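These are my notebook entries on a structure that I looked up. I begin with terms and conventions, then turn to the chain and to individual sites.

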Amino acid sequence: MSLGTDMNDTAGLPSFPGVRDARCPLDPPQEYAQWRDKDGLQRADWHGAPVWMVSRFEDIRAVLSDERISAATVDTEGRPPIFPKMDDPEHARLRRMLTKDFTVRNVQAMRPQIEEMVDDIPDKMISKGQPADLVTDYAPPIPSLVISLLLGVPHTDHEIFQEHSNTLLNQKGRCGGAARGQHGALRLPAGAGGTQGA
């Protein structure tokens, strides 16, 4: 790359996330394979902003262990910070708080409830009738329901918790909506058997 290259110019850059082939939707976009075959980092267009893509195993290891690299540098457009986009020591503090919930014993104890949740979703899809969309109706509710189980959200509040989670994860939504989604999701589990008021 020449020194005269405009680092803010996205013209000609591949988009990220890439477009999958409709005939093979489980295969990654072709650009990803090309990136892995090239040396160094690759530039891409991420929602109109130029970014550096790290695609090879050794490069990823180097980036993750380099303290000069920050997860917090991603522009969140005014949204509240979320766990994956925090650096230490705050990231480490929150991670220590969560570690006890993910011991082998605790995970095994949750297995029957998780299996019941997973088995219940296809029944709801069938009762709703056609068309069925696995990406919308099956994939998103499972992690959200498991998180609500970890947080102790009452079963009666699962639907509203899912709604707030969808708002938070919607990258195309307005920043105000994402902020409200995070605030709403975090204020639900206020105590055993109930939710906190506004």
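**Entry 1: terms and conventions.** I take buried to mean under 20% relative accessible area, exposed to mean over 50%, and partly exposed to mean in between (1.4 Å probe, protein chains only). The model is predicted, and I therefore kept local features only at pLDDT of at least 70 and side-chain atom pairs only at pLDDT 80 or more, while totals for chains, interfaces and linings use all residues. Residues are numbered from 1 along each chain as its sequence is written, and side-chain values use heavy atoms, with hydrogens and water left out.

**Entry 2: the chain.** I looked up the secondary structure and found eight helices and four strands. Here helices (H or I, at least four residues) and strands (E, at least two) are DSSP runs, numbered from the N terminus. From the N terminus, the order of elements is α-β-β-α-α-α-α-α-α-α-β-β. Of the 198 residues, 21% count as buried. The chain exposes about 14,800 Å², and carbon and sulfur atoms supply 57% of that area; I note that accessible areas come from the Shrake-Rupley method with a 1.4 Å probe, and that for residues only the protein chains shown count as cover. I also looked up contacts, that is, heavy atoms within 4.5 Å. Among contacts between residues at least 6 apart in sequence, 41% join residues at least 24 apart.

Entry 3: How many bridges join β1 to β2? I found five, and the two strands, of which β2 covers residues 49-53, run antiparallel. Two strands pair if DSSP finds at least two bridges between them. The strands form a hairpin with two residues between them, and His47 in the turn has a positive phi of about 55°. I looked up two positions across the pair: Asp45 has Pro50 in β2 as its bridge partner, and Ala44 stands opposite Val51 in β2. Strand β1 (residues 42-46) has four of its five residues buried, so it is largely enclosed by the rest of the structure.

**Entry 4: salt bridges.** Side chains of opposite charge can pair when their charged atoms come close. I count a salt bridge where a side-chain nitrogen of Lys or Arg lies within 4 Å of a carboxyl oxygen of Asp or Glu. The search of the whole structure finds seven. I examined several of them.

- Arg68 and Asp66 meet through their side chains at 2.7 Å, N to O. Arg68 is exposed because its relative accessibility is 74%, whereas Asp66, at 21%, counts as partly exposed.
- Glu90 pairs with Arg93, with the closest N and O atoms 2.7 Å apart. The two are separated by about one helical turn because they lie three residues apart in helix α3 (residues 90-99). Glu90 is partly exposed at 34% relative accessible area, and Arg93 is partly exposed at 38%.
- Lys124 and Asp120 meet at 3.4 Å, N to O. They are four residues apart in helix α4 (residues 104-128) and therefore about one helical turn apart. Lys124 is exposed at 53% relative accessibility, and Asp120 is partly exposed at 34%.

**Entry 5: the second largest pocket.** Rolling a probe the size of a water molecule over the atoms shows where empty space is left. On a 1 Å grid over the protein atoms alone, a pocket is an open set of points where a 1.4 Å probe fits, with protein on both sides within 12 Å along at least five of seven lines; lining residues have an atom within 4 Å of a point. Which residues lie nearest the centre of the second largest pocket? I found Asp120, Lys124, Pro141, Leu145 and His158 there, out of 22 lining residues. The elements giving two or more residues to this lining are α4, α5 (134-138), α6 and α7 (158-169). Helix α4 supplies the largest share, eight residues. The pocket holds about 740 Å³ of space; grid points are joined across faces, edges and corners, and the volume is the space filled by probe spheres set on the points.

**Entry 6: two single residues.** Leaving aside residues up to four places away in sequence, Ser144 touches Phe161, Gln162 and Ser165. Ile69 sits in the loop between α2 (57-64) and α3 and is partly exposed at 45% relative accessibility. The C-alpha atoms of Ile69 and Asp87 are separated by 9.3 Å, and these residues are 18 apart along the chain.
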